[in-house]
Amino acid sequence: MKRFSKSLLKSLSLLGISFCFTAEASASVVHVSRHPGSNLEKIAASLNADLIKDSQLHNEKPRIFTASVHLSEAKTPALFVQIQSGRLCGASGCSTSVYILKNGKWNNILDDVNGEISVLPERHKGMANLLVDGTDKWIWDGNRYIEQSAGANAS
C-alpha cells in the first residue's frame, strides 16, 4: 500500500474527503467543528442546555462544536458534541459526548470523555469501536459505549 503524507491527508480531510485504510491507518479521527445556526448546533444546544445555561450565568459565551459520524449501518449518524467555555474545559481539554437517535429521542451513548476520539474499523454488536486519547478503547455493549481497557493500542 502506498504511504500518504500526513499533510496531504489533512488537506483532503479539510476538503471533506476522508479515507479508511487498513493496517497502516486503522483509525479515523473525529473532527468536531463549529456549525453556527445548523440543525446539528440546535440539537447539541438542546441536549446540553444545562451546561450552556450554567456557563452563561457566569458571563461566558460557550461555543458549540459538533460532528456527525456514522458508527453503524443506521441511516442517522451519531452526533458528537463538545461545548467549549472556560468553565467547562480544564487542563485536559474539553470533554466530548456522543449521542444517537433512537425511537425519536437522542440518547447519550458516550459521556464526557477527554481527548481525541477516533473511529476504529472493528465493530462490536454492530457499532464501530472508538479510541479515546489514543489509548482507551471503547466498545458498544448494545446500549452505550463502555471502556474495554485502559492502554489499548489502536494498531
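In the predicted model described here, residues 24 or more positions apart account for 35% of the contacts with a separation of 6 or more, a contact being a pair of heavy atoms within 4.5 Å. The model is predicted, and local features need pLDDT of at least 70, side-chain atom pairs count only at pLDDT 80 or more, and totals for chains, interfaces and linings use all residues. Residues are numbered from 1 along each chain as its sequence is written, and side-chain values use heavy atoms, with hydrogens and water left out.

The protein contains three helices and 10 strands; helices (H or I, at least four residues) and strands (E, at least two) are DSSP runs numbered from the N terminus. Read from the N terminus, the order of elements is α-β-β-α-α-β-β-β-β-β-β-β-β. Of the 155 residues, 32% are buried, where buried stands for under 20% relative accessible area, exposed for over 50% and partly exposed for values in between, with a 1.4 Å probe and protein chains only. The accessible surface is about 9500 Å², and carbon and sulfur atoms hold 51% of that area. Accessible areas come from the Shrake-Rupley method with a 1.4 Å probe, and for residues only the protein chains shown count as cover.

An open sheet is formed by five strands in the order 2-3-4-5-6, with antiparallel pairing. Strand 2 (33-34) and strand 6 (105-114) are the edge strands, each pairing on one side only. Two strands are taken to pair if DSSP finds at least two bridges between them. Within the sheet, four bridges connect strand 4 (residues 78-84) with strand 5 (residues 95-102) in the antiparallel sense, and phenylalanine 80 has valine 98 of strand 5 as its bridge partner. Helix 2 (residues 39-47) lies across strand 2, strand 3 (63-69), strand 4, strand 5 and strand 6, and runs at about 115 degrees to strand 3. For such angles, axes are lines fitted to C-alpha atoms, for helices over the stretch in contact, and values run from 0 to 180 degrees between N-to-C directions.

Arginine 123 is opposite alanine 128 in strand 8. These two strands make a hairpin with two residues between them, and lysine 125 in the turn has a positive phi of about 55 degrees. Strand 8 also pairs with strand 9 (residues 136-140), again in the antiparallel sense, over three bridges; here leucine 130 has tryptophan 138 of strand 9 as its bridge partner. Strand 8 and strand 9 form a hairpin with three residues between them, and aspartate 133 in the turn has a positive phi of about 60 degrees. Six of the six residues of strand 8 (residues 127-132) are buried, so this strand is largely enclosed by the rest of the structure.

The largest nonpolar core comprises 20 residues, and those with the most contacts inside it are Leu71, Phe80, Ile109, Leu130 and Tyr145. A nonpolar core is a set of buried Ala, Val, Leu, Ile, Met, Phe, Trp, Tyr and Cys residues joined through side-chain atoms within 4.5 Å. Two or more residues each are given to this core by strand 3, strand 4, strand 5, strand 6, strand 7, strand 8 and strand 9. The largest share, four residues, comes from strand 8. A second, separate core of seven residues includes Ala44, Ile52, Ile64 and Ile83. Not counting residues up to four places away in sequence, phenylalanine 80 touches residues including Val30, Phe65, Leu71, Val98 and Ile117.

One aromatic pair is present in the structure. Its members, tryptophan 140 and tyrosine 145, are edge-to-face, at 5.3 Å centre to centre and 65 degrees between the planes. Rings of Phe, Tyr and Trp (its six-membered ring) pair if their centres lie within 6.5 Å; planes under 30 degrees apart count as stacked, over 60 as edge-to-face and the rest as tilted. Tryptophan 140 is buried at 7% relative accessibility, and tyrosine 145 is buried with a relative accessible area of 2%.

Helix 3 (residues 49-57) contains leucine 51, which is partly exposed at 31% relative accessibility. Leucine 51 lies 32 residues from isoleucine 83 in sequence and 7.9 Å from it in space, C-alpha to C-alpha. Serine 55, also found in helix 3, is buried at 0% relative accessibility. Residues up to four places away in sequence aside, serine 55 touches Glu60, Pro62, Ser85, Arg87 and Leu88.
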